[in-house]
Amino acid sequence: MGHAVRHWALIPAAGVGRRFGAEVPKQYLSLGGRPVIDHAIAAFVEHPGIAGCAVVLGSDDGWWSDVSAYADHPSVLRAPGGAERCYSVRNGLTALAARATDDDWVLVHDAARPCLRRADLDRLLDALREEPVGALLAVPIADTVKRADAGQVAETLPRTALWRAYTPQAFRLGLLRRALEYAQSQDLVVTDDASAVELLGLQPALIECQADNIKITRPEDLPLAAFYLEQQQEEA
Ligand SMILES: Nc1ccn([C@@H]2O[C@H](COP(=O)(O)OP(=O)(O)OP(=O)(O)O)[C@@H](O)[C@H]2O)c(=O)n1
Ligand SMILES: C[C@](O)(CO)[C@H](O)COP(=O)(O)O
C-alpha cells in the first residue's frame with residue numbers, strides 16, 4: 001500500500017536581522033506577549049494537517065532554548081543554519097528527510113512572518129491538490145511601479161503581472177532539494193524557494209493571501225505586526 005503524502009513546515013530562523021538592527025535577531029523580539037518566531041510556528045503546530053516542523057537555527061543562537069515555548073516540543077525538529085536563507089532551507093530539508101519522504105510537501109515559512117492567517121494557510125494547502133509543481137502565497141502589487149535608471153524613471157511597468165512573494169512556499173521535499181542543489185551548483189543565492197524551483201524551468205502557482213502576512217524586516221514592521229495581530233484577534 002502507498003504511503004499517504006504528508007505536509008511539513010520548515011521555519012528558517014537563522015538570520016541575524018541586519019536591516020532591523022536590534023541587538024536580538026528580530027525573530028526573538030517580543031510581539032503580543034510571545035516571541036515573533038512562536039507566532040510563526042504556532043500556525044503550523046496548531047494545524048491538524050501538518051505532520052511536524054523543522055526550525056533552522058543559527059550556530060550562535062543563544063535565544064531559542066530560553067524564549068521559545070516550542071523549544072522542547074516533540075513535533076519540532078532543529079536544524080543548523082547556513083550563511084544564506086537558501087542554505088538554511090537546504091539544512092532544514094535534510095533534517096526533515098529523517099521523517100518525511102521525497103513526495104511529502106514542505107511548507108517553508110519565514111520565522112519573521114508572525115501574522116499568517118489560518119484561512120490563508122488552508123487556501124495554500126487546498127491549492128496543492130491541483131498544483132503539481134507547488135505554490136506560494138503572494139499579494140498583487142497595489143502601487144504603480146517604475147523601473148529606474150540612475151535615479152530617473154526609465155519606464156512604468158504594467159503592474160497587473162507583478163506580485164509580492166510571501167511565505168509559506170510549498171514544494172515536494174525532493175523537488176525543492178533538487179532545485180536548491182541546482183541553484184547552489186550555479187553559484188546562485190536565491191532569496192526565496194520558488195526562485196530555485198523556477199531555475200528548473202518550472203512555474204509555481206501564486207495563491208493570493210491577505211496583505212497582513214508581512215515579514216518583519218525593518219523596525220517599523222514590528223508595531224505594524226502587533227496591530228495586524230490585534231485586528232485578527234478582534235475578527236476571530
Ligand atoms: N542565513 C539565513 C538568513 C535568513 N534566514 C531566515 O530567513 C527568513 C527571512 O529572511 P530575512 O528577512 O532576510 O532575515 P534576516 O536575514 O535575519 O534579515 P537581514 O537580511 O535584514 O539580515 C528569516 O526568518 C531569517 O531568520 C535563515 O534562516 N538563514
Ligand atoms: C522568502 C521571502 O520572505 C519572500 O518574500 C524573502 O525573499 C526573504 O528575503 P528578502 O531578502 O527579505 O527578500
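What radius of gyration would a compact globule of 236 residues have, and what does the chain have? The globule would come in near 18 Å and the chain has 18 Å, so the two agree. (The radius is taken over C-alpha atoms, and the globule rule is 2.2 Å times the number of residues to the power 0.38.)

Keep in mind that this is a predicted model, where local features need pLDDT of at least 70, side-chain atom pairs count only at pLDDT 80 or more, and totals for chains, interfaces and linings use all residues. Residues are numbered from 1 along each chain as its sequence is written, while chains are lettered from A and ligands numbered from 1 in the order in which they are written.

Now for the overall build. The C-alpha trace spans about 55 × 45 × 40 Å along its principal axes. The chain has seven helices and 11 strands; these are DSSP runs numbered from the N terminus, with helices (H or I) of at least four residues and strands (E) of at least two. Of the 236 residues, 39% are buried, with 20 or more other C-beta atoms, placed from the backbone, within 10 Å of their own.

On to the ligands. Around ligand 1 sit 23 residues, and the closest are Pro-12, Gly-15, Arg-18, Arg-19 and Ser-88. Strand S1 (7-13) and helix H3 (85-96) each give two or more residues to this shell. To be near a ligand, a residue needs its C-beta atom, placed from the backbone, within 6 Å of it.

Ligand 2 has Asp-110, Ala-165, Tyr-166, Thr-167, Thr-191, Asp-192, Lys-215 and Thr-217 around it.

Conventions
A residue is buried if 20 or more other C-beta atoms lie within 10 Å of its own, exposed if 12 or fewer, and partly exposed in between; C-beta atoms are placed from the backbone.
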